[in-house]
Amino acid sequence: MSAGQISVPIVFRGPNGAAAGVGAQHSQCYASWYASCPGLKVLTPYSSEDARGLLKAAIRDPDPVVFLENELLYGESFPVSAEVLDSSFCLPIGKAKIEREGKDVTITAYSKMVGYALKAAEALAKEGISAEVINLRSIRPLDRSTINTSVRKTNRLVTVEEGFPQHGVGAEICTSVIEESFGYLDAPVERIAGADVPMPYAANLERMAVPQVEDIVRAAKRACHRSVPLAAAA
Amino acid sequence: MSAGQISVPIVFRGPNGAAAGVGAQHSQCYASWYASCPGLKVLTPYSSEDARGLLKAAIRDPDPVVFLENELLYGESFPVSAEVLDSSFCLPIGKAKIEREGKDVTITAYSKMVGYALKAAEALAKEGISAEVINLRSIRPLDRSTINTSVRKTNRLVTVEEGFPQHGVGAEICTSVIEESFGYLDAPVERIAGADVPMPYAANLERMAVPQVEDIVRAAKRACHRSVPLAAAA
Amino acid sequence: IETSIPFTAHNCDPPSRAVTTSPSELLTFFRDMALMRRMEIAADSLYKAKLIRGFCHLYDGQEAVAVGMEAGITKRDCIITAYRDHCTFLGRGGTLLQVFSELMGRKDGCSKGKGGSMHFYKKENGFYGGHGIVGAQVPLGCGLAFAQKYSKDETVTFALYGDGAANQGQLFEALNIAALWDLPAILVCENNHYGMGTAEWRAAKSPAYYKRGDYVPGLKVDGMDVLAVKQACKFAKEHALKNGPLILEMDTYRYHGHSMSDPGSTYRTRDEISGVRQERDPIERVRKLLLTHDIAAEKELKDIEKEARKEVDEAIAKAKESPMPDPSDLFTNVYVKGLGVESFGADRKEVRATLP
Amino acid sequence: IETSIPFTAHNCDPPSRAVTTSPSELLTFFRDMALMRRMEIAADSLYKAKLIRGFCHLYDGQEAVAVGMEAGITKRDCIITAYRDHCTFLGRGGTLLQVFSELMGRKDGCSKGKGGSMHFYKKENGFYGGHGIVGAQVPLGCGLAFAQKYSKDETVTFALYGDGAANQGQLFEALNIAALWDLPAILVCENNHYGMGTAEWRAAKSPAYYKRGDYVPGLKVDGMDVLAVKQACKFAKEHALKNGPLILEMDTYRYHGHSMSDPGSTYRTRDEISGVRQERDPIERVRKLLLTHDIAAEKELKDIEKEARKEVDEAIAKAKESPMPDPSDLFTNVYVKGLGVESFGADRKEVRATLP
Ligand SMILES: Cc1ncc(C[n+]2csc(CCOP(=O)(O)OP(=O)(O)O)c2C)c(N)n1
Ligand SMILES: Cc1ncc(C[n+]2csc(CCOP(=O)(O)OP(=O)(O)O)c2C)c(N)n1
Ligand SMILES: [Mg+2]
Ligand SMILES: [Mg+2]
């Protein structure tokens, strides 16, 4: 509102999304809330590479950046390349990463769900479906171009997020693809998201309330439904 | 979180969305933020009928209801029927209203934008396009059924909202329609929304930052593009 | 009986140090606190056995606050607290079975296993939770007090919060309105001297929490002395009904770490903990009173403790039998009135429910 | 010269009532305040002529606070305030052209016309706005003070807020941290006795705002006396650099309604307003001083006022010539670094821009 006179180079780091057994008030994913606001940048690291490269980018960025970390990922290890370990390593804000290339269906995910999407892609591969997994990395700016390019290639899309579905990240991605690549879609976009309920504590309900690998696999198969049986028959 | 032991029958009323000339900090539409939260109900009255019927419904409802009013509508008059004036009048929560029937394109809107959508429908009628205007009334629960039924009839959809586009109400509606009525769509869903910027004060920029009737008309025509020229030719 | 130490008052006259009690009341205090202590220690074991997950904030050390408060008020008065809520729930008439079932996420939990450690409630006895957002329960408590005043109930609300929470802005906002409208709200700061790993003096410029109401009177109470707590709460209730809000600072201590991931020994010395245990333990204080006044013999008290242990063990055994919630419970209790709308699971084409 | 009335202090020794000034300083005070007064009255007319839209909060009546504060500090000290910011901006070195252009949404406005009445800034002179969210500027001000302390600047921040804002929780949170870390932050409550249509006593249990810092010292100042304000701000700066935060309550008054839609006369009597005008007006007080000390003649002062009017009229004329912002400015200044990403207008297929 100062027309550029005042800038706010600040990074807000914080755990985001569901941890384990922490109930309704400590499990919410705020990605879509923050990312709906012009003026903010919203990053969602998945791997060690992301965490290092994006946090450095966030700190160097002259704008306010919301940096959403998943508590459960703190305890997970990832292989890293020498490049990532190099002190000069940094990642660009606003660029998604294709974690796995594929040709039959695009799966978008961020934060912890990238790992699930990769596992789903593995399971799908065993059934002859080649899934492309996009790690969004940045929810705002959203890398519409990488997403649309991928969908134009695979013609099918599954969005995955841990947050509540309504007005969520998947909804925006779906709409972006409809706006830019409607003619390329061979099947309805499939949305996998947190259940539309406050996070329950009980372990069985909690599991139901967040996406599981099998949900992603099922949705991807649904998306591929029309073509896969044919392929399988061939 | 009390498994039903404690209920919260409260109504939060407040002005929402852009008034006139009030700048970036007093113009935001929070519909999608609130409506993303399971447990809340979110109502967005447009007309006098809505205001009366929905506010009564909100007060009688045993759950927390967020009641989003548009300041500029406070000063607008609407014709009301005798039924609306009757002391027993009340509206159901979660049901959209078809403000105008049409067959070529569905336009969804809420709050102030319903008026704009109706004006756009009038303009479109002059050009031979019959638009169906849905006044959402409730953003959560969202009346997916009325929306989808309409789109299955018109095969085209334009969503209109004043709020920021990303993760907005239009994104959810578009996704719901893709999920439920993908095969019925003859054109990409068109999204009209507030510009993706904090609300500027200057009158010319402010006008650009919120949807105008001509934006809706243009989008509806785009949606009808493939069929209308034919119809016109006939 | 005299309270251990005098009350320190801010902007009001302190109540007398002389507290009236009875042998049976003292025995009840002992029994209740021993049961709470045992319950919390059992919860600790269940957590370590991975039967309790996520957050679990234990109250051992602070039992005198919950027990003394109940002795000073009635179940028509309301209590609302933060996440360290197991013992408060028990004090309000909750059962051990409900506690352990909830902690293990079972159907017989007070929130059907859907809430977990931080979400205990007992509305019919005026217990409004169990809140995980630090400080948020205080404005809610003032809202309860508003309702009490509005309906001329002649009852009051005790809103409990920690020394960490004492610096939250919403407390000051709520207190101002409560004072302005003379609401029968008593803000109870359970000062256990740490907010997670942060000592009070690192979080507050003025850790004299009973004075932090500024224009609102306050009273500093030995929160390890159940009789002092009882006396203070009685006094506070009378005061609040007549004059509006009051702050009670309960000087207390938590033996356990903040939650289960906190060993509780990195930001304070083991000596500090054992010093409190030896010199100020609320149960030991009552034990001594019972012995010196010849109300009970050592053995009798040991039996009470054994009985407590048995009760706890039985409740745990029963709770372990309690089933997990039904999968269909995923969608219940989100709304009182679901309006027949559909709600969705993670894969909406696979799992969806119509809300009643 | 003596201040009109003594300072009232809370937890500190008040400064002396004897203020040093000079004829030229007094004349400058007169000129500056007269200019501000004229500017605000002109804004009122422009609003009525529909050349200013939306919110417009006028400062007339409170000029002594802005002017006296500037006299007590330097432009290396920071000021941050709420939405009633036109005069503060002028005091910090902003121009009339920038003011009127901004108010009319023109390119030459200090925020290029994109901010409007509530969004005035002048960073190079330490003015950080201009904030529309009641109370939100106070934590920001404490953040500025943190930066000043961190970079050992030996400068301070004045964070201004109203009597209404004084009840916002974030003030207490910020004050606690500021006090804990000895930040050179001065919280200035401009008590004009109303928050919109709500009198102070209806909003605050304790409207003694200089005391509301509790453990933080405070000083009540006659905010209609520019010399008292100057003295208090000097004192506050010294205090803050040595001892950390301080609250200054400026007892002042706004002649206009809250914003332009408020006639300002439904919740207070016309007598009250005219009483203040007659007895406490900050400009009249200086006029009297100038006359009784024979520093200036009546006519001279009238000329200064005429000059002010001329300056204002000229600035308005110029501002009216200033163009509206370019349509392309819709997308600028949202990000410092737009990363080449696309941003969208209402119809994204019609209007979109690549952010630089
Ligand atoms: C608004 C908010 N901020 C931070 C947290 C994380 N948190 C949980 S408990 C806690 C410490 C509170 O300490 P205190 O009020 O002293 O209560 P105690 O745990 O000692 O009983 C914090 C910071 C939270 N739950 N909510
Ligand atoms: C958080 C917030 N709440 C409410 C408002 C609406 N509002 C704008 S100004 C105002 C009154 C503030 O009064 P005061 O602090 O005394 O300042 P004054 O206008 O008297 O200078 C209110 C309630 C707001 N802008 N922000
Ligand atoms: Mg504590
Ligand atoms: Mg005021």
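**Notebook: a sheet, a helix pair and a chain contact**

I began with the sheet in chain A. Here 4 strands form an open sheet, and their order is β1-β3-β2-β7. The pairing in this sheet of chain A is mixed. I note that the model is a predicted one.

Next I looked for the edges. They are β1 (11-15) and β7 (138-140) of chain A. Each of these two strands pairs on one side only. On average, neighbouring strands are turned by 20° against each other, direction ignored.

Then I picked one pair of strands. Strand β2 (residues 41-43) of chain A pairs with β7(A) in the antiparallel sense. Their pairing runs over 2 bridges. Which residue of β7(A) stands opposite A:Val42? I found A:Arg140 there.

Helix α2 (residues 48-60) of chain A lies across β1, β2 and β3 (65-69) of chain A. This helix α2 of chain A runs at about 160° to β3(A).

**Two helices in chain D**

I moved on to chain D. Two packed helices are described by the angle between their axes and the distance between the axes. I looked up both values for helix α1 (residues 23-48) and helix α2 (residues 63-72) of chain D. They pack at an angle of about 140°, with their axes 10 Å apart. Angles over 145 degrees would count as roughly antiparallel. At about 140°, α1(D) and α2(D) are therefore oblique to each other. Their crossing is right-handed.

Which residues make the contact? From α1(D) I listed D:Glu25, D:Phe29, D:Asp32, D:Met33, D:Met36 and D:Arg37. From α2(D) come D:Glu63, D:Ala64, D:Ala66, D:Val67 and D:Ala71. I sorted the residues of this contact between α1(D) and α2(D) by type.

**Chains A and B**

Last, I looked at where chain B touches chain A. The contact takes 30 residues from chain B and 30 residues from chain A. On the chain B side, α1 (31-35) and α6 (169-181) each supply at least two residues. The largest share of that side, 8 residues, comes from α6(B). By type, the chain B side has 16 nonpolar, 9 polar and 5 charged residues.

How is chain B superposed on chain A? A rotation of 180° with 0.0 Å of shift along its axis does it, at an RMSD of 0.0 Å. That is the relation of a two-fold axis. I also compared the two sides. 100% of the interface residues of chain B are also interface residues in chain A, so the copies meet through the same surface.

Technical notes:
Residues are numbered from 1 along each chain as its sequence is written. Chains are lettered from A and ligands numbered from 1 in the order in which they are written. This is a predicted model: local features need pLDDT of at least 70, side-chain atom pairs count only at pLDDT 80 or more; totals for chains, interfaces and linings use all residues. Two residues are in contact if their C-beta atoms, placed from the backbone, lie within 7 Å. Ala, Val, Leu, Ile, Met, Phe, Trp, Tyr, Cys and Pro count as nonpolar, Asp, Glu, Lys and Arg as charged, and the others, Gly among them, as polar. Copies are superposed by least squares on the C-alpha atoms of residues with pLDDT of at least 70 in both. Axes are lines fitted to C-alpha atoms, for helices over the stretch in contact, and angles run from 0 to 180 degrees between N-to-C directions. Angles under 35 degrees count as roughly parallel, over 145 as roughly antiparallel, 65 to 115 as roughly perpendicular and the rest as oblique. A crossing is left-handed if the near helix is turned anticlockwise from the far one by less than a right angle, and right-handed if clockwise. Two strands pair if DSSP finds at least two bridges between them.
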